[in-house]
Amino acid sequence: MTRSWPNPPPLFELDELDHPGETTTWFPRDEAPTHPPDEEVLFSETSVTDVTVVTGTAIVHETVVEQTTVRALPERWTSRVGVFDLETTGVDVVEDRIVTAYVGLLDSSGAIVHEEHWLADPGIDIPEGATEVHGITTAHARAEGRPACEVIAEVTAALRTLLSAGIPVVAYNAAYDFSLLKNECARHGIEGIESPAPVIDPLVIDKSCDRFRKGKRTLDVVAAHYAVPLESAHEASADAIAAGRVALALAERYADRLPDDPLELHTQQIDWAREQAESLTEHFIRIGRLEPSEALDGSWPVR
């Protein structure tokens, strides 16, 4: 189960960045390369060649100097990804509260580089239905959880650090988690992340890349489809890590369709999420679940 806030303090702090909010690269402690990823020199050599040129009756000897430099290609967004998930008191992003949270960092293989867990006292009773999903009771949250305002501020700071560094944050059904976090920040007077980017949402990407696949698109089903193990579903860390690995699997399977630049992919997902909401709205109107005047909100990654 989710553990409480660790001691010593977390890795994800803004002073880890040279210029918070401006730098485009960030690495865990002691892992920074000697060259930025897009400047790394793989191979460089100078060649000198004597050339004999015959022009008419004259023979001219020339020395040709050639410099050959091969540089590494820029890293794909899959080189390292943040992962984020919340477990809450319910599904209403405006009224419900955070119970547990997880922010982690994965490498390109999906291995965990760093992780942080939070257990909060949400300040309200946790409904039995929510407890059945994530296993946290009101009594447990009150006894072991930290004040909600502290947890919300720390989760937001962790995400801001990753995003400020240009590291994409993976969240399955991102509009739920980021929207609920936004409203929690407003509730507690904390400066939120107004426009988080780059964000990677495997739900949106899977729906776009494999549009006509039948069946549910819940995380457990989609993870199984891409052969990603998911143990302890609906536990924040398990869900976040599985979502990150699904994102890496999507990037591999659809490498010819997904851009390497995470900001470009972020922009594409904004369009895809809107189109998916419009399509689902039409379907729900057709089967009578929505009135013709109603529409689903396709805003992404924050509603």
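Predicted model: local features only at pLDDT ≥ 70, side-chain atom pairs only at ≥ 80, totals over all residues.
Hi everyone, this is a short tour of the salt bridges in this structure.

Let's start with the total. The structure holds nine salt bridges, and I'll walk you through some of them.

The opening pair is Asp260 with Arg76, whose side chains meet at 2.7 Å, N to O. Asp260 sits in the loop between α7 (236–253) and α8 (262–287), while Arg76 sits in the loop between β2 (58–71) and β3 (80–88), so this contact ties together parts that lie 184 residues apart in sequence. How accessible are the two partners? Asp260 is partly exposed at 43% relative accessibility, and Arg76 is also partly exposed, at 26%.

Next up, please find Asp125 and Arg142. Their closest N and O atoms are 2.6 Å apart, in a salt bridge. Asp125 belongs to the loop between β5 (112–121) and α1 (128–134) and Arg142 to helix α2 (residues 138–144), so here the parts tied together are 17 residues apart in sequence. Asp125 is exposed, with a relative accessible area of 51%; Arg142, at 49%, counts as partly exposed.

Now for Arg217 and Asp206. They form a salt bridge too, with 2.7 Å between the closest N and O atoms. Arg217 is in the loop between α5 (202–209) and α6 (219–225), and Asp206 is in helix α5, eleven residues away. Are these two buried or exposed? Both Arg217 and Asp206 are buried.

Terms used:
Residues numbered from 1 in each chain as written. Heavy atoms only, no water. Salt bridge = Lys/Arg side-chain N within 4 Å of Asp/Glu carboxyl O. Helix = DSSP H or I, 4+ residues; strand = E, 2+ residues; numbered from the N terminus. Buried < 20%, exposed > 50% of the residue type's maximum accessible area, 1.4 Å probe, protein only.
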